[in-house]
Amino acid sequence: LVDGLQTDKGLLSLQHEISTLVHLVHVGFDVEAHDLESGGGFDFLARRGELEIEVECKLFSADIGRKIHRRHSAKLFKVLMPTIQKVFRDVNHGLLIRITLPDRLTGSPNQHQEISVALQASLLTNGSDTSQQHKVSLYDFDIARSPFIAASFQEIKREKVIEFIASLTGYKNSTLMMIIAPSKGAVIVTLESAKSDAVLEGIRRQLRDAAVDQLTGERPGCLVAQLSDLTTEQLLKLASTDSSVRQGASGLQVMTSDLLQEPSRKHVHSVVYKAQTQATDFAGAITERGPTYVFKNAWHPLAEDIRYSIFDTK
């Protein structure tokens, strides 16, 4: 709780652990908060009759494995805003400003100031200044042929904007900010890294460390990962791509399967992925429900024991 209040993570980790605990109780387990009571190790020891299973919870945000984190980009955009506002006042068309960093965006004020200087130099030379380590490219576009030809902000659809930017830059996952006057003018700033994100590697590394460092290996272990920015629909769509053929499988399926095949993870019974839950209010009681995407370790001796299928029950 204190950690969540003092860092960027917030209280989602706490919510994830509590919802996992409630689920364990709901399906008939007695639960010991092992981490809280022992000062370390896995989160919960769940018991039901002779069954015992160790449960470790992990929360992954949209920033896991990414070169550009949302909080850092928000701080950077605040630094760039005066320059962008001045540009917006001077244009009567569409302008896309594409900023490409050589590597990671940090929270350093010095780096943010360097990016601001590179932006101003590029605007003064109409994009011809290439002396800065942060590359700035300028793209003019016709408002009439863009998603911004609209009577109001409500008519501008985010999905259409993302597709339009991708058509100009060839890159779809950039972080962006926009200043818009519908049907009159628009200035868009996109932020990218020259190096690729490693989202799956970031998830794999944390799950690997949890399996080795927090689960004891004395009992079947379960890693419960919540992908905080993944919606129910997105998780279900991801699960629908499940394939017995590696070439047809999703990156998440391949990564998790490889993770479970390592000898050092033979004690891991299953890996569970949760999406955002849907909250409902019934007679004053708040209930949260959501799907899980479960991978069982085929090498575990209890893989087919349905008594341990505690996260894929209907």
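The model is predicted, so local features were considered only at pLDDT of at least 70 and side-chain atom pairs only at pLDDT 80 or more, whereas totals for chains, interfaces and linings use all residues. Residues are numbered from 1 along each chain as its sequence is written, and side-chain values rest on heavy atoms, with hydrogens and water left out.

The protein contains 9 helices and 12 strands; helices (H or I, at least four residues) and strands (E, at least two) are DSSP runs numbered from the N terminus. Its C-alpha trace spans about 75 × 45 × 45 Å along the principal axes. Of the 314 residues, 40% count as buried, that is, under 20% relative accessible area, with exposed meaning over 50% and partly exposed in between (1.4 Å probe, protein chains only). Among contacts (heavy atoms within 4.5 Å) with a separation of 6 or more, 66% join residues 24 or more positions apart.

The largest pocket holds about 1300 Å³ of space. The closest to its centre among its 34 lining residues are A62, R66, N173, D229 and Q234. A pocket is an open set of points on a 1 Å grid over the protein atoms alone, where a 1.4 Å probe fits and protein lies on both sides within 12 Å along at least five of seven lines; lining residues have an atom within 4 Å of a point. The volume is the space filled by probe spheres set on the points, which are joined across faces, edges and corners. Helix α6 (158–169) is among the elements that supply at least two lining residues each, and its 4 residues form the largest share. By class, the lining has 16 nonpolar, 8 polar and 10 charged residues; Ala, Val, Leu, Ile, Met, Phe, Trp, Tyr, Cys and Pro count as nonpolar, Asp, Glu, Lys and Arg as charged, and the others, Gly among them, as polar.

S193 is placed in strand β7 and is buried, with a relative accessible area of 11%. Its side chain reaches the backbone oxygen of D103 at 2.8 Å and the backbone nitrogen of K195 at 3.1 Å. Not counting residues up to four places away in sequence, S193 touches K67, I68, T100, L101, P102, D103 and R104.

H267 lies in the loop between α9 (251–261) and β9 (268–274). H267 is also buried, at a relative accessible area of 13%. With the same exclusion of sequence neighbours, residues touched by H267 include A211, L215 and H300.

Notes: A polar contact is a pair of N or O atoms within 3.5 Å; within protein, one must be able to donate a hydrogen and the other to accept it, and residues adjacent in sequence count only if both atoms are side-chain atoms.
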